[in-house]
Amino acid sequence: MILKTNQALAQRDLAVLWHPCTQMHDHETLPMIPIKKGQGVWLEDFDGNRYLDAVSSWWVNLFGHANPAINAALKDQLDNLEHVIFAGFTHESAIKLAEKLVEVTPIGLTRCFYADNGSAAVEVALKMSFHYWRNQGRPAKTKFITLENSYHGETLGALAVGNVPLYKETYAPLLMDVISVPSPDCYHREAGESWADYSSRRFELMEQTLQQHADTVCAVIIEPLVQCAGSMRMYDAVYLKLLREACDKYQVHLIADEIAVGFGRTGTLFACEQAAITPDFMCLSKGLTGGYLPLAAVMTTALMYQAFYDDYVKLTAFLHSHSYTGNALACRAGVATLEIFQQQGIIEKNRSLAQTMAKVAARFHDHPHVAEVRQTGMILAIELVKNKATLEPYPWQERRGVKVYQYALSKGVLLRPLGNVIYFMPPYIITEDELILLAEVAWQGIQHAVKE
Ligand code: PMP
């Protein structure tokens, strides 16, 4: 009989697998945790230990693991159609999901192009933007503007428009040149300055860059409201409003990467709603399937679509494809996810859940090694520093966040940090008691990590 314990499975895993975003050497001391099952916010390993999934399994899970409604929808889909080529053929779940996305995304986004992960969606948006200008007779537009500290994925195009040095620097010689503008990230605002004032002030740098480079720029790509992989840094919606106006003025597209912030994370279904703007492209993934299956969508306008729509021989078509485009199982999970939003008043319920998050995290503000507790909707981040007065960070080599992670695991909480930033980004079905537990374990974990 094959032994199925944590240790036995971890050993088999480490013999053949290579995990994402991991220095595999770490697993000489950090245990690999094999998960047997998930239920709601809880994951259970092969030794019977349970972990509260406080990071929604990399921000994808919205309504819990093994959600009954999504499970039922997928079982039904499985009995009918698992997948079909998406060129020349279509299916009901893909159509339904696109119809629903057109309905719920900002007004004017009337076209849906599917891809199969977030990075691929970013590649699609970049290519579509460039190709639009080319089809319009403006081939000189070849560049992209991006924000410092931004993150848009790991494929070469997506990595190029991202800006987190840890992920990017190694591959710099392979990447296209982009124009980087300082971020509106409010962590650096002056004492007493509001988020709105700081973000508006920072917009001047973007305005100058647009003015200077508009003739050669296709688009500005941005993570609306929260730079998630960039340490959950946050800024005010006024920046998005100003950016939309400036993009119109300088004839540059606006690509909103809502891969992480979409589907309710910032308190509204989409972050762009808080600035009442419609981007030219909106990239969606992660929560799109409730955390079940890889799928992405790029939503765009009729104007974009029409610029590609012509006789074949004009060669203006968008010939981008992925084998699993519009996967039927993934689309069906997406439909079930949006039905939960619509039928269960999730955005409304999240308002009080976000308040509870703020309440349980209130004690962290005064912690001697917490520089800032910041929150936008259902995302709450706690920034650890060596010196609270000067904001001097802990040297990254000390890996204080990993210490919190390890401690929290030993207490049954999955709190994977971003460097020295601990954050809560839980599934929306988390209860008040579970939030209290999460905060208590985070507190103890931080106490443990800042010792000596
Ligand atoms: N954009 C943003 C804002 C993201 O947070 C991520 C993933 N963390 C991506 C793009 C890339 O998505 P994926 O990991 O599915 O390629």
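## Strand E16 and its partner

Two strands are taken to pair if DSSP finds at least two bridges between them, strands being DSSP runs (E) of at least two residues and helices runs (H or I) of at least four, numbered from the N terminus. By that rule, strand E14 (residues 379-384) and strand E16 run antiparallel and are joined by 4 bridges, and Val421 in E16 is the bridge partner of Glu383. This is a predicted model, in which local features need pLDDT of at least 70 and side-chain atom pairs count only at pLDDT 80 or more, while totals for chains, interfaces and linings use all residues. Residues are numbered from 1 along each chain as its sequence is written, and side-chain values use heavy atoms, with hydrogens and water left out.

Within E16 (residues 421-424), Val421 and Tyr423 point one way and Ile422 and Phe424 the other way, yet all are buried (under 20% relative accessible area, 1.4 Å probe, protein chains only).

## The largest nonpolar core

Phe424 also belongs to the largest nonpolar core, which has 114 residues, and together with Met206, Met232 and Ile382 touches the most other members; such a core is a set of buried Ala, Val, Leu, Ile, Met, Phe, Trp, Tyr and Cys residues joined through side-chain atoms within 4.5 Å. Helix H11 (residues 328-344) gives the most to this core, with 9 residues. Because domain 1 (33-66 + 346-449) and domain 2 (71-344) both give residues to this core, it lies between them, the domain bounds coming from an automatic or database domain assignment.

Note on methods:
Buried means under 20% relative accessible area, exposed over 50%, partly exposed in between (1.4 Å probe, protein chains only).
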